Amino acid sequence: MYRHTAILALILALMPFIVSLTLRMRDATSGIWREVTKFGTVGLLAFVLDNGGYTLLVFGLPGAGGGPMRGAAVQASVLATVVATLFSWVANRYWTYRERHRKNAVAELVLFTVVNLIGVAITAGAVFLSRHLFGLDSALSDNTARISGWAVATLVRFFTYRRYVFVAA
């Protein structure tokens with residue numbers, strides 16, 4: 001009987017610590033999931049803006065006979081990507097990381113752009129490896145490499161934004 005009482009006393013003594021730890025873990029995980037959801041939403045919208053903008057610029061609306069930049073696909077791609085990147089920075093700055101952005105917006109935008117260029121290099125690097133190291137050149141292998149590179153680049157962006165770009169400074 002004494003043994004059960006001692007175990008019960010130990011459990012009751014540890015209960016405030018266990019409850020506190022559980023609440024902290026819940027708050028930390030709910031905060032990160034909220035951040036992941038916002039980050040993902042911004043990324044999805046930027047993806048649609050980039051690809052949709054490119055398609056409208058080059059191909060136009062259905063039946064329109066082409067977009068305003070139909071003869072300049074590369075420039076249209078650059079323009080659509082720049083617009084999507086600026087959208088992504090504004091949305092992440094003022095929504096996803098609204099409590100943690102820098103006072104110097106220009107420095108933050110420069111860091112953001114550098115991180116995004118690294119992300120582009122990761123995605124392009126996956127295609128390069130697929131084509132030149134593994135000798136794969138089908139649409140399936142290119143898209144698989146792009147999606148794999150995009151997934152890695154997205155993780156790099158998420159953690160780099162949190163650690164270096166959107167910090168109160």
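Okay, a definition before anything else: when I say buried, I mean under 20% relative accessible area, with exposed being over 50% and partly exposed in between, using a 1.4 Å probe and protein chains only. Helices, for me, are DSSP runs of H or I with at least four residues, strands are runs of E with at least two, and both get numbered from the N terminus.

With that in hand, look at H2, where Ala76, Ala80, Ala84, Ser88, Trp89, Ala91, Asn92, Arg93 and Thr96 are buried.

Some ground rules. This is a predicted model, so local features need pLDDT of at least 70 and side-chain atom pairs count only at pLDDT 80 or more, while totals for chains, interfaces and linings use all residues. Residues are numbered from 1 along each chain as its sequence is written, and side-chain values use heavy atoms, with hydrogens and water left out.

Now the overall picture. Along the principal axes, the C-alpha atoms fill a box of roughly 85 × 45 × 30 Å. Of the 169 residues, 25% count as buried.

Back to H2 for its length. Its 24 residues should span 34 Å at 1.5 Å a residue, and the end C-alpha atoms are 32 Å apart, which agrees. The expected span, by the way, is 1.5 Å times one less than the number of residues.

The residue I'd like you to click on in H2 is Arg93. How buried is Arg93? Its relative accessible area is 4%. The side chains of Arg93 and Glu108 are joined by a polar contact of 2.4 Å. By polar contact I mean a pair of N or O atoms within 3.5 Å; within protein, one must be able to donate a hydrogen and the other to accept it, and residues adjacent in sequence count only if both atoms are side-chain atoms. Setting aside residues up to four places away in sequence, Arg93 also touches Arg98, His101 and Phe166, among others; contact here is heavy atoms within 4.5 Å.

Glu108 takes us to H3, where it is one of the buried residues, along with Phe112, Val115 and Asn116, among others. H3 covers residues 105-133 and reaches 40 Å from first C-alpha to last, close to the 42 Å expected. Its cover includes helices H2 and H4. At the start of H3, a side-chain oxygen of Asn104 comes to within 3.1 Å of the backbone nitrogen of Val106. After H3 there's Gly135, with a positive phi near 70°.

Last stop, the core. The largest nonpolar core has 9 residues: Phe39, Trp89, Tyr97, Phe112, Val115, Phe158, Tyr161, Val165 and Phe166. A nonpolar core is a set of buried Ala, Val, Leu, Ile, Met, Phe, Trp, Tyr and Cys residues joined through side-chain atoms within 4.5 Å. The largest share of this core, 3 residues, comes from H4. Beyond its neighbours within four places in sequence, Tyr161 contacts Phe39, Tyr97 and Phe112, among others. Over in H4, the Thr160 side chain reaches the backbone oxygen of Val156 at 2.6 Å.
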